[in-house]
Amino acid sequence: MHLEDIFPYPDFRPGQKELANAVYSACKNGNTFVAEAMSGFGKTAAVLAGSMSAAAEDGLDIIYACRTKRQVFRVLEELGRFSERFPVRATSLFSKFDYCLLRQKSFGITPETFKWYCSFQTSNNLCSYFLNVAFNHDKIAKLVDDQTGNSRPISELLRKGTELHVCPYEVARLSLARSKVVVTTYHYLLDKNSRQILIPGDKALGKIVAVVDEAHKVRDFVSGNSTTTLPFSEIKSCIEDARNLYLPRICSAISELNDRLVQFCSKNDHWLIKKEAFLNAITGNYPKDWLSDLVFELSTNSGVAWYSVATNRNLPGSIINLGSFLSALLSSLDSDDMALVKSDSALFLTDTRPSRRFLEATTGFRSLVLLSATINPSSLFLRSIGLDGSSTIVHSATTDYKFRVRTVIDCSVTTRFKMRTPEMYSKIARKIASVCSSTPGAIGVFFPSYSLLEAVRGPVVSEIERATPAKARTILVERPGLTNQDSEDMMTAFKSNHGSLLLAVQGGRFSEGEDFPGDGMDVSMVVGLSLPPPSPKMYAEYRQLEANHFDKHQAYMVLSLLPALRKAFQCAGRHVRNPGKVGMVFFLDSRFAAQGIIELMPSWLRDDLVKGEYDIDTIGSITREFFLAARVQ
Ligand code: SF4
């Protein structure tokens with residue numbers, strides 16, 4: 001099959017056809033394949049073209065796993081375009097929480113307690129949406145047919161599910177079996193329990209191509225997904241919730257457990273805890289089964305659910321969380337990779353070898369295709385997720401795109417922890433204001449954390465108002481916990497007000513999930529290097545990497561530096577989406593000037609790079625001159 005026969009655009013962009021061909025060959029030959037291509041290259045279309053051609057010839061299915069729901073929507077849009085020339089049955093799969101019609105009519109169910117809620121409703125015949133699935137066979141078959149034939153959005157499925165009064169999640173599940181392409185989130189591919197829904201036991205892995213988008217994120221995802229956290233405050237809430245739910249036996253058992261736990265932690269101040277010793281300590285003089293019986297009651301206690309349903313109250317997450325934590329701890333006793341660590345405020349049970357989990361989830365497929373805009377250095381990236389460099393094909397997609405992007409590294413400021421002072425914040429604010437007053441278009445400023453954003457926000461706003469009182473800019477500020485609707489409203493305001501200023505965080509939804517093509521943004525400013533703060537969980541991963549022959553520097557690169565740089569480069573490239581783009585990138589932190597870091601930057605950031613200790617006037621004139629020269633050319 002010729003790629004041109006299914007490719008939905010009149011022409012391939014530079015490098016796209018080569019990537020599509022390379023993906024096609026990898027799928028035909030059963031290779032593990034890693035594609036690195038800059039954002040805006042058109043990776044999704046190229047990878048779909050290559051994998052769908054091979055799948056059509058060899059009768060393969062494709063699973064396309066994305067990090068976020070928003071990215072799933074984008075792949076579905078692309079698939080919709082392919083379908084016009086090459087109809088293929090496709091569907092998406094989101095979390096049950098997203099589909100549930102019952103919870104929308106019910107009291108506030110959180111994602112944490114939802115699994116329990118749904119299982120309680122269905123096993124007690126309390127969900128009519130679920131019960132109706134069995135009685136609407138023909139209508140559901142038609143809905144599945146319609147859903148998979150046209151890549152319909154989830155909103156459409158929710159609407160149809162409401163009309164028919166059936167659970168949309170069950171329809172989505174039935175759609176999987178009819179689909180040749182399934183687009184979903186990481187969870188379904190990489191989480192052991194959820195994966196059974198996506199890939200039932202009787203499905204041959206050798207007939208599936210798995211595509212993983214934003215592959216530089218998978219290690220973090222697997223690590224986070226395998227970590228169970230128990231804040232000490234949660235145990236106290238659990239005691240309180242058990243008391244309020246009239247569960248005196250559970251309430252007194254948890255109180256005793258908490259007393260022994262507090263005593264144990266006060267005597268053991270090391271961050272790493274021996275699991276056996278911890279379990280013995282919290283069990284006290286009770287027989288061994290006491291703890292497992294308690295865990296069983298905590299995680300399955302129907303009394304809690306009945307009480308919650310009867311009184312229209314939310315299920316107490318604290319009881320479920322404590323049950324899950326202790327259950328995970330008991331089942332981790334044979335695994336050295338699962339470490340129990342503690343901080344001042346919580347216990348963590350964490351898998352220190354996420355690469356092993358990643359391999360378990362991805363081995364056996366006909367072909368594994370990983371995509372990323374930033375995997376440099378690729379050999380370390382492959383090792384960090386357990387892949388063998390000698391048998392993995394790495395394709396660096398090249399283009400002859402020309403950008404006019406000037407990169408400025410300002411070495412006179414930093415967000416190093418010890419240097420975080422009001423004077424430093426005010427200095428950073430003046431630099432941002434200076435760039436604002438010298439830039440005609442919109443600007444995105446990305447901070448390493450919400451607290452730093454908050455510390456600099458006030459000075460930035462007053463500096464801008466002082467410097468350019470007549471030229472009011474619309475200023476939009478990212479806050480933690482924004483809903484999808486809030487974010488969409490913010491982006492609409494940003495894009496519809498020329499010259500807006502966005503203050504956001506590195507690694508947040510605006511720095512990785514949002515594009516600003518064309519004239520949507522002229523300047524991106526990366527304030528500080530967002531190295532993750534040291535934590536007991538990180539110490540445990542360091543130990544494990546070193547035990548697996550990573551030297552200290554490589555372990556630091558994998559766990560701290562590369563994740564921070566990738567976030568910074570993603571922010572830097574938000575507005576560099578199209579060939580011919582004219583724009584500027586500022587790195588406001590002296591640490592970016594180190595030669596080793598400059599070498600890790602993508603080439604488009606290095607092509608026109610200046611660094612130095614710039615005062616406010618100089619930074620303003622560098623900005624003005626750049627845009628003036630760009631306008632003349
Ligand atoms: S079966 Fe469906 S509608 Fe019913 S509770 Fe579960 S997810 Fe919600």
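In which loop does glutamate 214 lie? Glutamate 214 is found in the loop between strand S5 (208-212) and helix H14 (218-225), where helices (H or I, at least four residues) and strands (E, at least two) are DSSP runs numbered from the N terminus. The model is a predicted one, in which local features need pLDDT of at least 70 and side-chain atom pairs count only at pLDDT 80 or more, while totals for chains, interfaces and linings use all residues. Residues are numbered from 1 along each chain as its sequence is written.

**Backbone features in loops**

Most residues other than glycine have a negative phi, and most peptide bonds are trans. Glutamate 214, a residue other than glycine, has a positive phi near 50 degrees, and glutamate 214 counts as buried because it has 21 C-beta neighbours inside 10 Å. The burial classes used here rest on C-beta atoms placed from the backbone: a residue is buried if 20 or more other C-beta atoms lie within 10 Å of its own, exposed if 12 or fewer, and partly exposed in between.

Histidine 549 also is not a glycine, and its phi is positive at about 70 degrees; the residue is found in the loop between helix H27 (536-547) and helix H28 (552-572). With 8 C-beta neighbours inside 10 Å, histidine 549 counts as exposed. Alanine 547 belongs to helix H27 and is exposed, with 11 other C-beta atoms within 10 Å.

A cis peptide bond, with omega near -5 degrees, leads from asparagine 376 to proline 377, and proline 377 lies in the loop between strand S10 (367-372) and helix H22 (378-384).

**Helix pairs**

| Helix pair | Angle | Axis separation |
|---|---|---|
| H2 and H3 (residues 43-58) | about 35 degrees | 8 Å |
| H23 (residues 422-438) and H24 (residues 450-467) | roughly 40 degrees | within 8 Å |
| H14 and H21 (residues 354-362) | about 100 degrees | 9 Å |

Angles under 35 degrees count as roughly parallel, over 145 as roughly antiparallel, 65 to 115 as roughly perpendicular and the rest as oblique. H23 and H24 are therefore oblique to each other, whereas H14 and H21 are therefore roughly perpendicular.

H23 and H24 cross in a right-handed sense, a crossing being left-handed if the near helix is turned anticlockwise from the far one by less than a right angle, and right-handed if clockwise. Their contact involves, among others, Tyr425, Ile428, Ile432 and Cys436 of H23 and Val456, Pro459, Val460 and Ile464 of H24, two residues being in contact if their C-beta atoms, placed from the backbone, lie within 7 Å. By class, the contact of H23 with H24 holds 12 nonpolar, 2 polar and 2 charged residues; here Ala, Val, Leu, Ile, Met, Phe, Trp, Tyr, Cys and Pro count as nonpolar, Asp, Glu, Lys and Arg as charged, and the others, Gly among them, as polar.

In the pair of H14 and H21, Val218, Arg219, Val222 and Ser223 of H14 meet Pro354, Arg357 and Phe358 of H21, and this contact divides into 4 nonpolar, 1 polar and 2 charged residues.

The crossing of H2 with H3 is right-handed, and the residues that make the contact include Leu19, Val23, Cys27 and Lys28 of H2 and Val47, Gly50, Ala54 and Asp58 of H3. The contact of H2 with H3 comprises 12 nonpolar, 5 polar and 3 charged residues.

**Lysine 28**

Lysine 28 lies in helix H2 (residues 16-29) and counts as partly exposed because it has 16 C-beta neighbours inside 10 Å. When residues up to four places away in sequence are left aside, lysine 28 touches Ala54 and Asp58. The C-alpha atoms of lysine 28 and arginine 366 are separated by 8.5 Å, although the two residues are 338 residues apart along the chain.

**The ligand shell**

The ligand is surrounded by 14 residues, of which the closest are Cys100, Cys118, Cys127, Phe130 and Cys167; a residue is near a molecule or strand if its C-beta atom, placed from the backbone, lies within 6 Å of it. At least two residues of this shell come from each of helix H5 (96-99), helix H6 (102-105), helix H7 (111-123) and helix H8 (128-133), and H7 provides the largest share, 3 residues. By class, the shell around the ligand has 10 nonpolar, 2 polar and 2 charged residues.

How values were computed: Axes fitted to C-alpha atoms, helices over the stretch in contact; angles between N-to-C directions.
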